[in-house]
Amino acid sequence: MSEQLKVPTMAEMMAEGKQPEILFWVGSAGSYDDRAKKITKAFVKILNKANVDFAVLGTEESNTGDVAKRAGNEFLFQMQAVMNIEVLNAYEVTRIVTCDPHSFNCLKNEYPSLGGNYDVIHHTQFIQELMSSGRLTLDGNTYKGKRITFHDPCYLGRANSVYDAPRDVLKKTNATLVEMKRHKGTALCCGAGGAQMFKDAEPGNKEINVLRTEDALETQPEIIATGCPYCNTMMTDGVKFKEKENQISVMDIAELIANA
Amino acid sequence: MEYLPNIIFAIILIAGIGYFANNVKKLVRNIKLGHKVDANDHKSERWKNVINIALGQSKMVKRPVSGFLHVIVYVGFVIINIEVLEIIIDGLFGTHRVGQEFLPAALYGFLIGAFEVLAVLVLVSVIIFWIRRNVIKVKRFLSSEMKGWPKSDGNIILYFEVVLMCLFLVMNATDTVFQSANSGNVISQFIAPWFNGFSLEALHTIERTAWWLHIVGILAFLNYLYFSKHLHILLAFPNVYYGSVEPKGKFNNLEAVTAEVKLMMDPEADPYAAPPETAEDEVPAKFGASDVMDLTQVQLLNAYTCTECGRCTSACPANLTGKKLSPRKIMMDTRDRLEEVGKNIDINKGKFVDDGKQLLGDYITNEELWACTTCNACVEECPVSINPLSIILEMRRYLVMEQSAAPLELNNMMTNIENNGAPWPYNQMDRLNWKDE
């Protein structure tokens with residue numbers, strides 16, 4: 001990314017006596033994973049372009065504990081949660097946006113009973129909000145007529161019933177949105193959830209991400225759109241496995257919008 | 001001797017209902033082996049779910065073919081059973097078609113006519129169900145957990161329904177008085193000619209036999225429920241009521257863990273303080289679940305409610321890619337183990353005696369548990385709000401927190417989170433480096 005990104009931290013904001021309108025929760029994948037970092041930067045580009053007054057926790061952010069919880073380690077999850085809540089509450093955070101549906105679900109649903117009550121939204125919801133309030137406009141028709149299929153992340157879709165925001169945002173690009181047979185409530189998982197991202201799959205006859213990629217390929221898309229860094233990795237691997245990486249790109253909605 | 005049939009009927013009725021009630025008592029006792037759940041919240045939403053999901057079958061029809069056929073059988077079952085009321089009154093008081101006396105002729109004819117039409121529709125649907133299971137062999141009825149008893153169970157239920165519907169129609173067709181009244185015999189009038197050569201007496205015998213077999217069949221079917229997957233016709237309603245009203249992604253936070261974490265994080269806390277001595281604050285014997293007693297009452301109710309339709313398994317990404325995990329099997333295993341524990345309690349006069357077995361390992365393997373992506377597809381699919389995922393999670397908790405038996409890669413991931421706040425071994429201080437890369 002050529003232009004310089006403005007990424008203020010909560011600590012800097014506080015030092016200046018300012019309170020941003022929203023906290024951008026970057027998440028572990030968004031902070032460290034090479035592919036996911038591109039999504040993070042694309043989203044910041046959007047935030048900068050729309051002049052959103054935001055901040056990140058930076059080095060004060062820690063893993064939400066979501067993946068530990070799904071793996072069965074409730075202790076580790078609650079330790080992480082209590083630590084993060086202490087930081088978030090100290091900064092008097094009220095609103096959080098994140099590009100990771102797992103963080104989104106965890107912060108939104110599982111932090112409240114531990115003392116962390118925030119209005120948490122997914123980045124596709126925030127982008128939709130920016131568009132409908134006119135703060136973000138798309139110039140150019142980068143994706144006009146392109147066939148895009150959207151893969152619903154489980155923790156955005158089934159887990160929290162957010163199906164429309166990502167689709168509404170995609171429609172604004174003038175792309176042709178094509179649905180897979182399994183979509184929305186019946187969408188197939190990419191295979192990364194429930195801590196599977198961090199281990200080999202149990203013995204079977206196929207990898208889940210390959211099966212899901214086949215779902216996507218049936219729609220003959222030019223772009224597979226995702227809304228989750230883990231889905232992105234799984235679908236990217238799936239497309240490579242099918243040797244289609246030269247024809248089909250896997251992109252997060254933040255990246256699509258940042259380039260539109 | 002005039003009252004002999006009435007007395008015999010009363011005895012059969014009382015025995016049939018009594019035995020069933022006794023089994024229901026066992027069922028309730030078994031469910032109560034689980035942890036109590038507070039479900040006094042969201043009352044209006046829960047009732048709404050009962051109306052939409054259970055009564056309205058809103059999730060059944062998401063698969064149109066089986067959904068539509070199921071609605072016919074369900075509506076038929078509920079409505080035709082109004083007829084049972086008449087049968088019971090007739091049986092107890094020696095009347096014949098008491099409805100004819102008390103209801104206007106047109107209404108009685110309409111009701112019986114509706115029952116007859118529904119009986120035929122149910123017959124057709126049930127036959128299609130049988131074909132789906134045994135001829136077309138729909139994939140979800142062929143999984144490995146469907147071998148043996150579960151397969152026979154599915155077919156026995158269908159045979160029961162065929163026989164009951166046929167008996168009902170034959171009973172009407174051979175009832176000469178009913179036929180000559182010619183009101184409501186919309187279907188049976190076409191069956192009546194099959195018996196043309198029969199004497200009046202023979203017709204009466206056939207009619208009486210069909211009548212008796214019909215009511216005995218219904219009582220037998222009622223009592224069959226407890227031993228069958230078919231309990232869902234009763235339990236679907238409470239099960240949907242107690243089903244989750246939270247977003248599916250929200251997993252419960254273990255309160256016992258919260259208490260310990262708070263203690264650890266609180267600099268003021270006295271680590272040597274005696275725990276408060278109220279029953280409510282009792283620390284559970286273990287974290288997570290290794291056996292049915294560690295699950296909640298709702299999870300155990302889920303297990304009894306499951307009718308093994310397999311929609312969950314047919315949507316499970318792990319199962320679709322050949323892994324051992326089948327959410328339906330999780331529910332079947334839970335019920336089988338719960339039944340085993342129940343029988344143990346029966347034999348040992350009300351007390352469970354350790355049988356050296358448990359749900360984890362003897363029924364559900366680690367391999368199945370670790371194959372789950374927690375994607376909620378099974379939860380979304382279930383037409384009666386069963387949550388297999390919650391049981392999988394509870395058992396993972398046991399594996400990780402009680403046995404430290406997570407796969408090595410997951411242990412590494414968790415160690416990383418503990419040490420540097422990320423699932424990978426990166427430095428916490430590098431968390432914002434992406435900004436300048």
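This is a predicted model: local features need pLDDT of at least 70, side-chain atom pairs count only at pLDDT 80 or more; totals for chains, interfaces and linings use all residues.

Analyst: Two residues are in contact if their C-beta atoms, placed from the backbone, lie within 7 Å.

User: What are the overall dimensions of chain B along its principal axes, and how many helices and strands does chain B have?

Analyst: The C-alpha trace of chain B spans about 95 × 55 × 40 Å along its principal axes. Chain B has 21 helices and zero strands, and of its 437 residues 38% are buried.

User: Which residues of H2(B) are buried, and what covers them?

Analyst: In H2(B), the buried residues include B:Asn49, B:Val50, B:Ile53 and B:Ala54, and H11 of chain B is part of what covers the buried residues of this helix. Just after H2(B), the backbone at B:Gln57 takes a positive phi of about 55 degrees.

User: How does chain A divide into domains, and which helix gives the most to the side of domain 1 of chain A that touches domain 2 of chain A?

Analyst: Chain A is divided into domain 1, residues 10–129, and domain 2, residues 139–259, with C-alpha centres that lie 22 Å apart. In this case 26 residues of domain 1 of chain A are in contact with 26 residues of domain 2 of chain A. At least two residues of the domain 1 side come from each of helix H2 (27–32), helix H3 (34–49), helix H4 (66–71), helix H6 (101–110) and helix H7 (123–132) of chain A. H3(A) gives the most to this side, with eight residues, and the residues of the side divide into 12 nonpolar, eight polar and six charged.

User: Turning to the chain interface, how is its size expressed, and how many residues of chain B are in contact with chain A?

Analyst: The size of an interface is often given as the accessible area lost when the parts come together. What we have here is a residue count: 56 residues of chain B are in contact with 58 residues of chain A. On the chain B side, two or more residues are given by each of helix H12 (255–265), helix H15 (317–320), helix H18 (366–370), helix H19 (377–381), helix H20 (388–402) and helix H21 (408–420) of chain B. By class, that side has 32 nonpolar, 11 polar and 13 charged residues.

User: Which residues touch the most other members of the largest nonpolar core?

Analyst: That core has 147 residues, of which A:Ile46, A:Ala225, A:Ala254, A:Ile257 and B:Met395 touch the most other members. Its largest share, nine residues, comes from H20(B). Leaving aside neighbours within four places in sequence, B:Met395 is in contact with B:Gly288, B:Ala289, B:Leu360, B:Ile364 and B:Leu369. Another core, of 25 residues, lies apart from the largest one, with B:Phe129, B:Ile187, B:Ala210 and B:Trp211 among its members.

User: Finally, in what order do the strands of the open four-stranded sheet of chain A lie, and is the pairing parallel or antiparallel?

Analyst: In a regular strand the side chains alternate between the two faces of the sheet. The order of the open sheet of four strands in chain A is E6-E5-E7-E8, with parallel pairing, and its edge strands are E6 (176–177) and E8 of chain A, each pairing on one side only. Strands E7 (residues 223–226) and E8 (residues 249–252) of chain A pair in the parallel sense over four bridges. The bridge partner of A:Ile223 in E8(A) is A:Ser249, while that of A:Ile224 is A:Val250. Together with helix H10 (residues 229–241) of chain A, E7(A) and E8(A) make a right-handed β-α-β unit.

How values were computed. Residues are numbered from 1 along each chain as its sequence is written. Chains are lettered from A and ligands numbered from 1 in the order in which they are written. Ala, Val, Leu, Ile, Met, Phe, Trp, Tyr, Cys and Pro count as nonpolar, Asp, Glu, Lys and Arg as charged, and the others, Gly among them, as polar. Domain bounds come from an automatic or database domain assignment. A residue is buried if 20 or more other C-beta atoms lie within 10 Å of its own, exposed if 12 or fewer, and partly exposed in between; C-beta atoms are placed from the backbone. A nonpolar core is a set of buried Ala, Val, Leu, Ile, Met, Phe, Trp, Tyr and Cys residues joined through C-beta atoms within 7 Å. Two strands pair if DSSP finds at least two bridges between them. A crossover is right-handed if, with the strands pointing away from the viewer, the path from the first strand over the helix to the second runs clockwise.
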